[in-house]
Amino acid sequence: MIPPADSLLKYDTPVLVSRNTEKRSPKARPLKVSPQQPGPSGPVPQPPKTKLPSTSCVPDPTKQAEEILNAILPPREWVEDTQLWIQQVSSTPSTRMDVVHLQEQLDLKLQQRQARETGICPVRRELYSQCFDELIREVTINCAERGLLLLRVRDEIRMTIAAYQTLYESSVAFGMRKALQAEQGKSDMERKIAELETEKRDLERQVNEQKAKCEAVEKRESERRQVEEKKHNEEIQFLKRTNQQLKAQLEGIIAPKK
């Protein structure tokens with residue numbers, strides 16, 4: 001595990017925790033604690049507690065603040081070269097210049113890591129979360145109750161963000177399902193459109209064939225009608241001529257008798 005990255009939350013000097021290779025008893029192996037830099041050895045840092053200590057049960061305010069800090073902001077642990085390092089949150093009170101420096105560091109890191117100014121940005125969220133943890137640390141040192149109240153506010157904000165994230169992920173999954181359904185429906189619709197276009201071409205071909213047949217029938221019937229009309233007119237003319245001839249003959253027969 002690599003050492004943790006630089007954070008806006010202020011930590012103490014890392015402490016090296018290693019086991020002594022010499023066995024004094026067959027049942028136990030004592031722990032050897034050595035700081036990163038040479039100096040007086042201190043007690044082994046306690047692991048993060050699961051419960052927040054009660055402020056009325058701890059008589060020492062300094063120890064109370066340290067225990068509350070360790071409970072609110074657990075120490076960082078990492079392994080480097082088979083050695084376990086622990087780094088606790090700093091219990092040093094902050095000054096006005098520290099707050100100004102924190103603001104400058106926040107703006108600098110936002111610019112260096114190219115965080116988005118608007119919208120969803122994990123980088124901006126991480127940096128502001130570190131800044132809020134640092135503010136909780138500074139407030140807890142001066143007033144433990146106020147720090148615990150800010151802890152509740154922080155947890156509520158994180159829970160709300162987690163709920164929104166879950167809602168966002170579910171909406172994205174729902175959108176993906178709808179997109180897949182739409183894509184599948186699109187392919188079905190395209191296949192149906194192709195079938196309808198093929199059917200349309202067949203119907204158009206049949207219509208053209210029927211139109212050609214109809215035109216051929218009309219042309220044939222028109223020619224036949226013209227032939228019949230011509231024949232009928234010829235018969236009429238023949239009958240008229242015959243009638244005129246018979247009329248003339250009849251008049252020729254009747255006229256001498258007068």
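Visitor: Is Glu209 buried, exposed or partly exposed, and what makes it so?

Guide: Glu209 has a relative accessible area of 38%. Buried means under 20% relative accessible area, exposed over 50%, and partly exposed in between (1.4 Å probe, protein chains only). Glu209 is therefore partly exposed. A caution on the source: this is a predicted model, in which local features need pLDDT of at least 70 and side-chain atom pairs count only at pLDDT 80 or more, while totals for chains, interfaces and linings use all residues. Residues are numbered from 1 along each chain as its sequence is written, and side-chain values use heavy atoms, with hydrogens and water left out.

Visitor: What makes the contact of Glu209 with Arg205 a salt bridge?

Guide: The term requires a side-chain nitrogen of Lys or Arg within 4 Å of a carboxyl oxygen of Asp or Glu. For Glu209 and Arg205 the closest N and O atoms are 3.2 Å apart, so the pair meets the definition. Arg205, at 43% relative accessibility, counts as partly exposed.

Visitor: Which salt bridge joins Arg137, and is Arg137 buried or exposed?

Guide: Arg137 meets Glu134 in a salt bridge (2.8 Å, N to O). Arg137 has 0% relative accessibility and so counts as buried. Glu134 is buried because its relative accessible area is 3%. Both residues lie in helix H3, three residues apart, about one turn of the helix; helices here are DSSP runs (H or I, at least four residues), numbered from the N terminus.

Visitor: How many salt bridges does a search of the whole structure find?

Guide: The search finds ten.

Visitor: Why is Ile120 called exposed?

Guide: Its relative accessibility is 63%, so Ile120 counts as exposed. Ile120 sits in the loop between helix H2 (96-112) and helix H3 (122-142).

Visitor: Which residues line the second largest pocket?

Guide: Ile120 is one of them, and the lining also includes Cys121, Tyr128, Tyr164 and Glu169. A pocket is an open set of points on a 1 Å grid over the protein atoms alone, where a 1.4 Å probe fits, with protein on both sides within 12 Å along at least five of seven lines; lining residues have an atom within 4 Å of a point. H4 gives the largest share of this lining, five residues.

Key:
Helices (H or I, at least four residues) and strands (E, at least two) are DSSP runs, numbered from the N terminus.
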